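Subject: Model handover

Hello,

Here is the structure we talked about. Please have it open while you read the notes below.

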Amino acid sequence: MAKILVLGAGYAGMMAATSLERNNEPFTLINKHPYHYLTTLLHEAAGGRKEPMQYTVKIADVLRKPTSEFVQDEVVSIDREKKVVHCKGGDQAYDYLIITMGWISEYFGIPGMKENSMSIQNLDTAVEIRNHIEREFQTYLEDNDDRHLRIVVGGAGLTGIELVGELCDWIPKLCIQYNIPKSKVDLQNIEAMPSILPMVSESLREVAARALTEKGARLRTNTKLMKVDPGVVHLDGDETVEAGTIIWTGGVRANPILTEAGFTVDRRGRAKVNEFLQSVDDSNIFIGGDCAWAEEDGRPLPPTAQFATQMGPVLANNVTSFMHGQPMQPFQGHNLGTLASLGSEIGVGQMMSIPVKGVIGGLAKEVSKIKYLWQLGGVRLAVDKTNEVVHL
Ligand SMILES: Cc1cc2nc3c(=O)[nH]c(=O)nc-3n(C[C@H](O)[C@H](O)[C@H](O)COP(=O)(O)OP(=O)(O)OC[C@H]3O[C@@H](n4cnc5c(N)ncnc54)[C@H](O)[C@@H]3O)c2cc1C
């Protein structure tokens, strides 16, 4: 029997796996962890909103068929000639491959950024940020050095702004916990572009900027990060900011395993696929989520959970069709909008082009979590996890 391997249990991989189950196709899913973490909520985990494991779904709770195999392992490389995936724990042969191993941070060559900043890349790094900030508050009590209370977040896209929103909610709680005046804490968001949240309308950006500023964040647009030394960021104009916490959220690129495996990639390392999400280099390989360089109307689709989730079933159905010599279906992404939380209570965004803001925006974000849980694991998962993940 032909062997299908799915690499990575993120949005695209999990949706592909559940669709393969629906197609009655046996497969093996390989993932670093025994759980699927909710990447779009990692800023909440970093900002201490809920316990980290609440942002995970056990893979075994979603995959139900005895023919679905899960292997907890880390993929190291892909040998396309021999049709073998090399993992830390051993090799896995395949006939058909679905690659959905997500992304890593893109540092754009900023000297010292990779070495001297933290980033939200997965649940572990989100937890590191949370623990680090808490340690900085504790250390301030010992030496009264203000630098421990300065947090720099580089990048004002979705991840950066959602993280700043989360920190704005968490900082007052930390201040009470450690008996530190809130005025001592300096939270700076630094962005080279002239505005925050480029994916929403001008008026929503203004709403978001006002809300975060009122909560105590300093939003510094038109400010370029030039270099990072340990505990120091260098800005254009020779300004330096000394900070105990430096977090980079400025960009992503695809998992480097794709480039190393010799796929045709774009400048962000995403592997080129045709309209069926099939690699242009290897017809037995299908690629989705942030790993895929997929185009619509000649323009590359952005790396979002929204498209990754939509790609999952198409990946599964097209592998199934291709194996059985049936016609495949082209992928058509539907942009349903973008929602950015600004802490636990409020948010801004566009749903089907309709602008939402404030409490309604926050509520819409919470509802989108339930929608995803439902898509992934039906009513059962939505009911089981809603209390843990959703802020009611
Ligand atoms: C804080 C934050 C907020 C975001 N908010 C939004 C939002 O509101 N809306 C939106 O559409 N997008 C959002 N995004 C972007 C979105 O999360 C990504 O586009 C999405 O996660 C991509 O899904 P994916 O399936 O390609 O990969 P991922 O979800 O990243 O999953 C990849 C999986 O592969 C596994 N993996 C990686 N390497 C290996 C390996 N070598 N071996 C084994 N397993 C491996 C990982 O552990 C992970 O389980 C946000 C991102 C962040 C960080």
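V75 stands opposite C87, which belongs to β7. Strands here are DSSP runs of E of at least two residues, numbered from the N terminus, as helices are (H or I, at least four residues). Two strands count as paired if DSSP finds at least two bridges between them. β6 and β7 (residues 84–87) run antiparallel, and four bridges join them. They form a hairpin with four residues between the strands. In that hairpin, K83 takes a positive phi near 55°.

A word on the basis. This is a predicted model: local features need pLDDT of at least 70 and side-chain atom pairs count only at pLDDT 80 or more, while totals for chains, interfaces and linings use all residues. Residues are numbered from 1 along each chain as its sequence is written, and side-chain values use heavy atoms, with hydrogens and water left out.

Now the other side of β7. β7 pairs with β8 over four bridges, again in the antiparallel sense. H86 stands opposite D91 in β8. The hairpin from β7 to β8 has two residues as its link.

Put together, this gives an open sheet of three strands. The order is β6-β7-β8, and the pairing is antiparallel. The edge strands are β6 (75–79) and β8 (90–93), each pairing on one side only. On average, neighbouring strands of this sheet are turned by 20° against each other, direction ignored. For that angle, axes are lines fitted to C-alpha atoms (for helices, over the stretch in contact), and angles run from 0 to 180 degrees between N-to-C directions.

Two further residues deserve a look for their backbone. L277 is not a glycine, yet it has a positive phi of about 65°. L277 sits in the loop between β19 (271–272) and β20 (285–287). Is L277 buried or exposed? L277 is buried, at a relative accessible area of 1%. The cut-offs are under 20% relative accessible area for buried, over 50% for exposed, and partly exposed in between (1.4 Å probe, protein chains only).

D297 also has a positive phi, of about 55°, and is not a glycine. The loop between β22 (295–296) and β23 (299–300) holds D297. D297 is exposed, with a relative accessible area of 80%.

Best wishes
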